Amino acid sequence: MVNIENLHKKFGKNEVLKGVDLSIKDGGIFAVLGPNGSGKTTLIKSVLGMVIPDQGTINVQGKNIKKNPNYRHQIDYLPQIANFPSNLKVKELIRMIKDLRKITNEDERLIELFKLQPFLDKKLGNLSGGTKQKVNLVLTFMFDSPLIILDEPTTGLDPISLIRLKELIQVEKAKGKTILITSHIMSFVEEVSDEIVFILEGKIYFKGTISELKTKTNQPDFEHAIASILLENHA
Amino acid sequence: MLKILKYSFFDLMRSRWSYVYFAFYLLLGVVLLFLNNDLSKAVITLMNVIIVLVPLIGTIFGVMYYYNSKEFTELLLAQPLKRSSIFLGQYLGVALSLSMSLILGLGIPFVFYGLFKSNAIWDFSLLLITGSFLTLIFTALAFNIALSNENKIKGFGYAILLWLFLAVIYDGLFLMTLILFEDYPLDKLSLIGTMLNPIDLSRTLILLKLDISALLGYTGAIFKQFFGTSFGLIVSFIMLIVWVVLPVLRIMFKSKRKDF
């Protein structure tokens with residue numbers, strides 16, 4: 001599905017990615033973890049083509065992503081911070097994105113799922129953080145693409161919406177889709193993900209299942225396993 | 001690209017500023033006609049205003065729109081769209097809506113005053129054409145500056161400096177070189193110097209078309225010889241087009257290499 005080879009990226013003097021090699025197979029939920037500033041978002045944005053790597057190649061579904069924006073038809077992306085044009089209404093934004101990508105009717109079901117009907121005629125600038133995130137989720141999930149990338153999907157969600165999101169992710173997984181998630185909520189990651197990819201200082205430190213990580217670090221639970229990696233490398 | 005153009009255009013059409021800009025030109029046109037009581041004279045006065053104001057508005061609007069629509073741009077970047085079409089669409093959206101405000105704002109009062117029956121119609125159309133060119137040029141330059149500067153304040157600063165340089169400082173430097181080298185033949189130099197600044201180029205183009213070049217003395221005669229002919233007119237328009245194309249190419253080049 002996604003193949004990354006020897007990916008390097010510098011922002012000025014700050015070397016964020018230092019040779020990332022990663023291959024993600026078809027189907028399943030993969031969590032990309034790492035401390036703040038480890039390069040998770042940069043890695044994801046490189047796959048999306050929003051950040052242009054200094055070195056290395058990225059293949060999505062066997063095709064090199066350079067100079068070919070059409071591969072993004074295969075990706076649904078949920079950005080980390082929901083920044084929308086504030087003078088647009090929710091309804092208008094959804095209609096515009098549909099117009100730009102393709103026609104779908106999934107949005108109605110998702111609006112119903114996240115109870116967004118009362119907000120459809122409100123301007124995006126007047127919405128609360130959690131409501132914006134729900135709009136963000138609708139925009140992401142309304143296209144039926146084989147690869148879904150979620151950057152901090154739980155931000156600002158209330159418990160009911162969080163449960164709905166988890167269900168939604170499982171439904172998409174059952175369709176055989178590949179889902180990439182970054183999150184700082186360890187319990188969420190442990191609950192939903194099949195495999196984790198741990199990034200540390202711009203390199204892949206660990207890739208495998210959660211039980212493999214527990215054995216490797218000799219820790220009884222996931223949260224402590226992650227903490228022990230961080231402690232070892234900063235001590 | 002056309003879809004992005006459409007959304008940017010309508011976004012701007014709904015904003016208050018397009019109306020303010022439109023209303024300003026409407027008022028300017030009406031007042032000038034009322035005070036001058038003569039179409040050709042109004043055109044000359046109008047030229048002096050347009051030549052300075054249009055570049056300023058184009059620059060400020062361009063920079064402001066780019067920074068304000070950052071969120072919109074990031075949203076679009078994650079969609080399956082080409083980068084060049086996102087930025088070109090936004091650029092054309094701004095430039096075309098500004099040109100439209102200019103053309104309609106000035107056109108309406110002049111048409112009602114009886115433009116089509118007078119012989120000032122060509123001078124007036126030339127004024128509107130150069131005005132639109134200046135909008136296209138300075139909006140493109142503004143987008144270039146904004147693309148190269150993440151920092152809003154810096155971007156605004158450079159944009160204002162660019163306008164100040166081309167509208168005021170350039171003329172000063174130009175005049176000083178002419179005085180310094182007055183012992184040498186300067187016709188070619190001053191012709192080239194005029195060509196290299198879109199504001200000067202537009203001003204000269206309109207002045208000579210208005211047939212008041214007699215006021216300009218010997219250099220005026222040389223200018224008239226050049227700009228007055230159809231060859232000169234074509235060369236000037238080619239220069240204006242080059243002034244649009246180069247910054248637009250840089251927008252495409254720069255946007256392909258930028259990280260978001």
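Modeller: Happy to! A salt bridge here is a side-chain nitrogen of Lys or Arg within 4 Å of a carboxyl oxygen of Asp or Glu. Please keep in mind that this is a predicted model, in which local features need pLDDT of at least 70 and side-chain atom pairs count only at pLDDT 80 or more, while totals for chains, interfaces and linings use all residues. Residues are numbered from 1 along each chain as its sequence is written, chains are lettered from A and ligands numbered from 1 in the order in which they are written, and side-chain values use heavy atoms, with hydrogens and water left out.

Let's begin with A:D99, which forms a salt bridge with B:K6, their closest N and O atoms being 3.5 Å apart. A:D99 lies in helix 2 (residues 90–100) of chain A and B:K6 in helix 1 of chain B, so this pair joins two chains; helices (H or I, at least four residues) and strands (E, at least two) are DSSP runs, numbered from the N terminus. At 24% relative accessibility A:D99 is partly exposed, and B:K6 counts as partly exposed at 36%. As for the cut-offs, buried is under 20% relative accessible area, exposed is over 50%, and partly exposed is in between (1.4 Å probe, protein chains only).

A:D99 also meets the side chain of B:K3 in a salt bridge, at 3.6 Å from N to O.

Across the interface of chain B and chain A, 8 residue pairs are in polar contact, both residues at pLDDT 80 or more. On the side of chain B that touches chain A, the elements giving two or more residues are helix 1 (2–14) and helix 4 (70–77) of chain B. That side divides into 10 nonpolar, 1 polar and 12 charged residues. In this scheme Ala, Val, Leu, Ile, Met, Phe, Trp, Tyr, Cys and Pro are nonpolar, Asp, Glu, Lys and Arg charged, and the others, Gly among them, polar.

How much surface is involved? The contact (heavy atoms within 4.5 Å) takes 23 residues from chain B and 23 residues from chain A. About 2200 Å² is buried between the two chains, with carbon and sulfur atoms giving 58% of this area. In chain B, the residues that lose the most area to chain A are B:L75, B:P80 and B:D259, together 27% of what that side buries. Buried area is the accessible area (1.4 Å probe) that two parts lose on being put together, summed over both.

Finally, a look at the partner that brings those helices. Chain B comes to 11 helices and 0 strands, and its C-alpha trace spans about 60 × 45 × 30 Å along its principal axes. Buried residues make up 50% of its 260 residues. Among contacts in chain B between residues at least 6 apart in sequence, 81% join residues at least 24 apart.

Key: A polar contact is a pair of N or O atoms within 3.5 Å; within protein, one must be able to donate a hydrogen and the other to accept it, and residues adjacent in sequence count only if both atoms are side-chain atoms.
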